[in-house]
Amino acid sequence: MPSFRKWLFSGLLVLVPLIVTLWVLEWVVSTLDQTLRILPSSWQPDQLLGVHIPGLGVLFALVVVLSIGALASNIIGNKLVHWWHALLHRIPVVRSVYSGVKQVSDTLFSEKGNAFRKALLVQWPHEGMWTIAFLTGSPAGDVLHQLKAQPGGLGEFDEFLSVYVPTTPNPTGGYFVMVRKSACVELQMSVDEALTYIVSMGVIVPGGPRNPHFPVVADGTNRPLP
């Protein structure tokens, strides 16, 4: 029985990651293959070649994205994109959804965006409990004004950060919170390492700090961001 149990878990450790990876790849490829349906039936590869070749939709989607990006990068395409944005912002319900998604996508995919560039350690959901969060920005406008107006002795120079606290093991769901900058600890790990740590529920622990000038505090005291 000990040998049987050892072989069973060893086999699961090998097969489960492989099966999940293949399942995700198959889902991505099959989903992108559906983009070929926008082509006329006579132009679809299945009709031209007489056989279905998985993955052609991935190449087609890549060509479409690159073509739209090249078009939007020139002067004429840029004007068309601005005209399209102005048109969508005139539609009552569509403009609310589109503007929100547009701001998020600009933050995530823009070369100048700072979303999810830093992994932080914050106290959540209450003081004394710690979890990993990702820096998304900083509050401004009326939100920042109201934060400073709340009781608690917030000074003029107090700063707040907007952070995303992901759930485990699915980091696509989480909470958006605003915390004091002095209460956040910047972790010396990449975003990918932090995501792996979250998805594995703490089983896969990233390596020690790579910066020798940022030592681990043995007594667990808070180290504020610089």
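Two strands count as paired when DSSP finds at least two bridges between them. Strands here are DSSP runs (E, at least two residues), as are helices (H or I, at least four), numbered from the N terminus. The model is a predicted one: local features need pLDDT of at least 70, and side-chain atom pairs count only at pLDDT 80 or more, while totals for chains, interfaces and linings use all residues. Residues are numbered from 1 along each chain as its sequence is written, and side-chain values use heavy atoms, with hydrogens and water left out.

On to the sheet. It is open, with five strands in the order S4-S3-S2-S1-S5 and antiparallel pairing. Strands S4 (174-180) and S5 (185-186) sit at the edges, each pairing on one side only. Helix H7 (residues 191-199) packs on the sheet and touches S1, S2 (130-137) and S3 (160-166); contact here means heavy atoms within 4.5 Å. The direction of H7 makes about 140 degrees with that of S2 (axes are lines fitted to C-alpha atoms, for helices over the stretch in contact, with angles running from 0 to 180 degrees between N-to-C directions).

Strand by strand, S1 (residues 119-123) is joined to S5 by two antiparallel bridges, and Leu 120 stands opposite Glu 186 in S5. Five bridges hold the antiparallel pair S1 and S2, with Val 122 facing Thr 131 of S2. The hairpin of these two strands leaves six residues between them, and there Gly 128 takes a positive phi near 100 degrees. S2 and S3, also antiparallel, share three bridges; Gly 137 is set opposite Ser 162 in S3.
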